[in-house]
Amino acid sequence: MGNDTWNVLVTGAAGFIGFHVAKKLKEAGHSVIGLDNFCPYYSVQLKNDRTALLQRMGISCVTQGVEETQKLKELIEKEKITHIVHLAAQAGVRYSLEAPEAYLQSNIDGFLSVLEAVRCHPSIVTVWASSSSVYGTNTKLPFSEEDRTDSPANLYGATKKANELMAYAYHHLFGMKLIGLRFFTVYGPWGRPDMAYFLFAEKMVKGEPIAMFGRGMLRRDFTYIDDIVEGIAGALSCPKDYGVYNLGNSHSQSVHQLVTCLETSLGCTALLREVEAPAGDMVETWADIRKAQSDFGYAPKISLAEGIDRFASWYKAYRTV
Ligand SMILES: NC(=O)c1ccc[n+]([C@@H]2O[C@H](COP(=O)([O-])OP(=O)(O)OC[C@H]3O[C@@H](n4cnc5c(N)ncnc54)[C@H](O)[C@@H]3O)[C@@H](O)[C@H]2O)c1
């Protein structure tokens, strides 16, 4: 990450990826401040526990909606922000069929707010979260940044694609440095309780059946959190001024394989309940990561078995607290 000391704003710092990024950047010697609206999409207790840990490391987290542009501008000026990692968003594919407005507010208005705030300070480097969901109904694998991304399978993917276009326009108009990262199914300790690996773990330890979509044949490029954090740190020093990059593990694995890893690590057998895959879910994701490898040395290291083992150790300890 170089020898410079940065003043970094991490939006979505109470969230899964934001928490890990804030911690990593602080450990690397940077000054870090977080922002999050602590929305109740999933356990606010978990978000509070993450930020309590950050607080103990000297990272405060401002409770604020990222779409509040004036407040965001003031924060950036007050803290003399040099770098932004923008992760605040309404995440989750299935919830976008239930609460589409939340996606427009956090992902479209929120993203515009970041662009407008940074427009006043074009020297700020902004790395932000796109998603593998932009590949939508594409069938050519692995997914490459050169592929078309104009057929999103859900509104969540559509908002992330819109963000990529908005970022390009602002870069083109104002010369802002904006690097978008298409994350592929990120998992790990302190993870998101709405995601399959976490939901499955909760059911498995209670001896309850887990809902298995499409006979467990859906496939994902599961990416361990530390690899993503390394990728974000690398992207902050990316020599390019604009780009979108896949950040995956570069292996596609079935949900069945995920369950097998969970069984081994949690030491229990999963009871399966077969159900139809919900509308909006992609059949398979798989990242071609050569562009990120070549532009900022991205090199994921952690296998699914090892990553799930680390998640399970954290999960067992956390649920007994
Ligand atoms: N985890 C994944 O597998 C994955 C995959 C692809 C993309 N992403 C993207 O990465 C980013 C981080 O994801 P995550 O998994 O950490 O999700 P997360 O939900 O744990 O974190 C997002 C955080 O943003 C906050 N937030 C939501 N709306 C906000 C708003 N309007 N103002 C301020 N804060 C707001 C939430 O309270 C939450 O703490 C998101 O942009 C997400 O879309 C994640």
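How many residues does helix α11 have, and how far does it reach from its first C-alpha to its last? Helix α11 (residues 304–319) has 16 residues and reaches 22 Å between those two atoms, close to the 22 Å expected at 1.5 Å a residue, where the expected span is 1.5 Å times one less than the number of residues.

The structure is a predicted model, in which local features need pLDDT of at least 70 and side-chain atom pairs count only at pLDDT 80 or more, while totals for chains, interfaces and linings use all residues. Residues are numbered from 1 along each chain as its sequence is written. Helices (H or I, at least four residues) and strands (E, at least two) are DSSP runs, numbered from the N terminus.

| Helix | Residues | Number of residues | First to last C-alpha | Expected span |
|---|---|---|---|---|
| α2 | 44–56 | 13 residues | 18 Å | 18 Å |
| α11 | 304–319 | 16 residues | 22 Å | 22 Å |

A residue is called buried if 20 or more other C-beta atoms lie within 10 Å of its own, exposed if 12 or fewer do, and partly exposed in between, with C-beta atoms placed from the backbone. In α11 the buried residues are Leu304, Gly307, Ile308, Phe311, Ala312 and Tyr315. They cover an arc of only 135° around the axis, which puts them on the same side of α11; the arc is that of the directions from the helix axis to the C-beta atoms. The elements that cover these buried residues include β7 (186–187), α7 (196–206), β10 (223–224), β12 (253–254) and α9 (255–266).

In α2, the buried residues are Lys47, Arg50, Thr51 and Leu54. Seen down the axis of α2, they fall within an arc of 90°, so they line one face of the helix. An α-helix has 3.6 residues a turn, so residues three or four places apart point the same way. The buried residues of α2 pack against α1, β2 (31–36) and β3 (61–63), whereas Gln45, Ala52 and Arg56, on the other side of α2, are exposed. Ala52 has 11 other C-beta atoms within 10 Å, and its C-alpha atom is separated by 23 Å from that of Tyr224, 172 residues apart along the chain. After α2 comes Gly58, whose phi is positive, near 90°.

Ile225 belongs to helix α8 (residues 225–236) and counts as buried, with 23 C-beta neighbours inside 10 Å. Leaving aside neighbours within four places in sequence, Ile225 is in contact (C-beta atoms, placed from the backbone, within 7 Å) with Ile17, His20, Val186, Tyr187 and Gly188. Met212, by contrast, is 13 residues from Ile225 in sequence and 24 Å from it in space, C-alpha to C-alpha.

In strand β11 (residues 242–247), 5 of the 6 residues are buried, so the strand is largely enclosed by the rest of the structure. Strands β6 (residues 177–183) and β11 pair in the parallel sense over 6 bridges, where pairing requires that DSSP finds at least two bridges between two strands. Within this pairing, Tyr245 in β11 is the bridge partner of Leu181.

**The ligand shell**

The ligand is surrounded by 27 residues, the closest being Gly12, Gly15, Ala88, Ala89 and Ala129; a residue is near a molecule if its C-beta atom, placed from the backbone, lies within 6 Å of it. The elements that give two or more residues to this shell are α1 (16–27), α5 (100–119) and β5 (125–131), and α1 gives the most, with 3 residues.

Note on methods
Contact = placed C-beta atoms within 7 Å.
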